[in-house]
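Please walk through this structure, starting with its pockets and then turning to its core and to the confidence of the model.

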Amino acid sequence: CESMIYYSLVTVPAWHSWWVPFSFAATTIILGTLSVACALMITAMVRHRHETAVPSAREKHPKTTGWWSRHVTEEIRAINAPTDDQEWDLSLTVTKWCSIGAAVVSVALMVGYPLYTSQLASGGPVAHQASNTFSGGIYATRLILLGAIALML
């Protein structure tokens, strides 16, 4: 785990903390769940576009002679087949749980930022200097954006 490399650096107080592996894992969870939700939405949009296409455009497929070409064409038709109710329900459920997971982790990050900053501020001079990174406009912007993401989900 890459975060353990930073965590093992005792000489850098900002990195030798519980926050480093936690923030790495949280970022991975947020980005992963949002990627899955985006992939499901893109798939739904592509299928919807295929379902609403003009029948003549949908049925114009070149005649293929090779086995591989026929196989690939059949697979593409199966992938772009109209979505049934079971697939919609599954997509909606997965998207809902991905959003809930990302929102919970976002809230955990919002709670963790002040804890981590206070831990740095109460440390030695080097840790106190590192805590200055988490102050000012950039820090406030990070928290506001994180809160906005949690609310949007």
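The residues lining the second largest pocket of this predicted model divide into 5 nonpolar, 4 polar and 2 charged. They are Leu40, Met41, Thr43, Ala44, Arg47, Thr83, Glu87, Trp88, Ser91, Leu92 and Thr95. Two elements, α2 and α5, each give two or more residues to this lining. The space in this second pocket is about 210 Å³.

The largest pocket holds about 380 Å³ of space. Its lining counts 16 residues, and those closest to the centre are Trp19, Ser23, Tyr113, Phe134 and Arg142. Here α2, α5 and α7 are the elements that contribute two or more residues, with the largest share, 7 residues, coming from α2. By class, this lining has 13 nonpolar, 2 polar and 1 charged residues.

The largest nonpolar core is made of 14 residues, and the ones with the most contacts inside it are Ala14, Trp19, Leu109, Tyr113, Tyr116, Leu120 and Phe134. At least two core residues come from each of α2 (19-51), α5 (85-121), α6 (125-131) and α7 (137-152). Helix α5 provides the largest share, 5 residues. Leaving aside residues up to four places away in sequence, Leu109 touches Trp19, Phe22, Ser23, Ala26, Ile30 and Leu146.

The mean pLDDT of the protein is 78, and 80% of the residues score at least 70. Among the elements, α5 has the highest mean pLDDT (87), whereas helix α3 (residues 55-59) has the lowest (53). Where pLDDT is low, the predicted coordinates should not be read in detail.

Terms used: Residues numbered from 1 in each chain as written. Predicted model: local features only at pLDDT ≥ 70, side-chain atom pairs only at ≥ 80, totals over all residues. Heavy atoms only, no water. Core = buried A, V, L, I, M, F, W, Y, C linked by side-chain atoms within 4.5 Å. Buried < 20%, exposed > 50% of the residue type's maximum accessible area, 1.4 Å probe, protein only. Helix = DSSP H or I, 4+ residues; strand = E, 2+ residues; numbered from the N terminus. Contact = heavy atoms within 4.5 Å. pLDDT = per-residue confidence, 0-100. 1 Å grid on protein atoms, 1.4 Å probe; cavity = no way out; pocket = protein on both sides within 12 Å on 5 of 7 lines; lining within 4 Å. Points joined across faces, edges and corners; volume = space filled by probe spheres on them. Nonpolar A, V, L, I, M, F, W, Y, C, P; charged D, E, K, R; others polar.
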